Amino acid sequence: MMSTLHVLKMAREKLLFDFTSKNHDVYLPMFKYENQPVLMDLAIESFFTSWVNCHFQLWDENYPHQSGKLFYSAIKLLIQQIANIDEINSSNQGFYSNLISSKIRLLEELIQVGVRDSEKYNDLLLEYEKDKVLFEREMNRLKEDV
Amino acid sequence: MGLVSTLGKLGDIVMKPIELITDWGREPLKKRDHERGIERERARLNAEFQNRIREMEAESSIRSREKELETDLVIKKETEIKRIFVEIEEFKKDKELQRMVAVSEAIMKYQKELTKLNVDAINAIGNMQLDLREKAQKLVYDKTIKYKALQDQAIKEAAEDLKTIDNDFHDNDVAKEILIRAVDKRLANIIDTAHNFLLELNADIKLLNQSINILTEHGQTFIESHLEKFHVIEPPVDVIKQIEDKNT
């Protein structure tokens, strides 16, 4: 039981440290995707998923030879927030941890797709505004000519 | 000395005939006595002989009995050894069978767990794929709405610009034509570019979906690795047959 509480405590400390130390991964998306709620949601999900997945790493580093029955019961509640996994234990932990890592990677890829498209959208917006200004100038010039 | 010797000799001369007569008279008694002795001796010898025969018979009987017993013992011993060997073999077979039954039960239990694990893994992967595709779709939808809004705004502004041109340049066809062409170009640019960007976005999402599909391959690798472990501990076919025979 102590080992489970210890790992959960370490994970909470890591979460707090990321905020108190102004971690780039936490703060940058908050400003970068301020006006893009879909990307903001993806960034939050990616961060939270990474945090949940770090529990496995902390467990393996600190208690590699324990069965961790209680730990897996506790972690299951967190896992179910990010993936539909019925049962997790020491034998399938590696697989699910890899699966969750894949999900994080795919979320990051999706965010990058969104970011690339936002840049294109902004370019298009700029082009459009520029065209409008040039049109106004042209119209004003022709009015003056008349 | 001489006198004594002479008297002794005289005594012998006198006594000898008397002794002779006495001996002659006693002769029948002696003879009978001798005959009785012989009889006694014969009877004793006969008894001894009889005893000896009986002893020999008894000894022979005992040796015969001993032999019989020895033979019985050897037979019993061999029979017992054979029986023990048979029992040991049976015991070994039973033990082997028990072990195989235990292995079989363990395999069946492992198979059930593996099936559950595979089903869980497939479900988890399937749900994760759905979730990610839904998120990708939501992103595309969100972007499409933005582009559509931009296109609508461009059309609306183009319409207003055309009205302005029509009002302000109704007597100047050249200027009117130049401005209308500019509005057309601007509108076409925004509509075409937005359309192309949406196509590019869809292409990116298509690529992402391929990456999402690869998750299934991860699951297959996971299942195959578990199946390989299962095959390693799978017992030979003849053992399975033994277990099946035992169960039936």
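Me: Before we look at this predicted model, how are axes and angles defined for helices?
Reply: The axes are lines fitted to C-alpha atoms, for helices over the stretch in contact, and angles run from 0 to 180 degrees between N-to-C directions; the model itself is a predicted one.

Me: OK, so at what angle do α1 and α3 of chain A pack?
Reply: Helix α1 of chain A, residues 2–20, packs with helix α3 of chain A, residues 37–62, at an angle of about 130 degrees, and their axes are 9 Å apart.

Me: What do we call that arrangement of α1(A) and α3(A), and which hand does the crossing have?
Reply: Angles over 145 degrees count as roughly antiparallel and 65 to 115 as roughly perpendicular, with the rest beyond the roughly parallel ones being oblique, so α1(A) and α3(A) are oblique to each other. The crossing of α1(A) past α3(A) is right-handed.

Me: Which residues of α1(A) and α3(A) meet there?
Reply: From α1(A) they include A:His6, A:Met10 and A:Leu15, while those from α3(A) include A:Trp51, A:Leu58 and A:Trp59. By class, this contact has 8 nonpolar, 3 polar and 1 charged residues.

Me: Switching topic, how many residues does each chain give to the contact between chain A and chain B?
Reply: Chain B gives 41 residues and chain A gives 33 residues. The side of chain B that touches chain A divides into 24 nonpolar, 7 polar and 10 charged residues.

Methods. Residues numbered from 1 in each chain as written. Chains lettered and ligands numbered in written order. Predicted model: local features only at pLDDT ≥ 70, side-chain atom pairs only at ≥ 80, totals over all residues. Contact = placed C-beta atoms within 7 Å. Nonpolar A, V, L, I, M, F, W, Y, C, P; charged D, E, K, R; others polar. Helix = DSSP H or I, 4+ residues; strand = E, 2+ residues; numbered from the N terminus. Parallel < 35°, antiparallel > 145°, perpendicular 65-115°, else oblique. Left-handed = near helix turned anticlockwise from the far one by under 90°.
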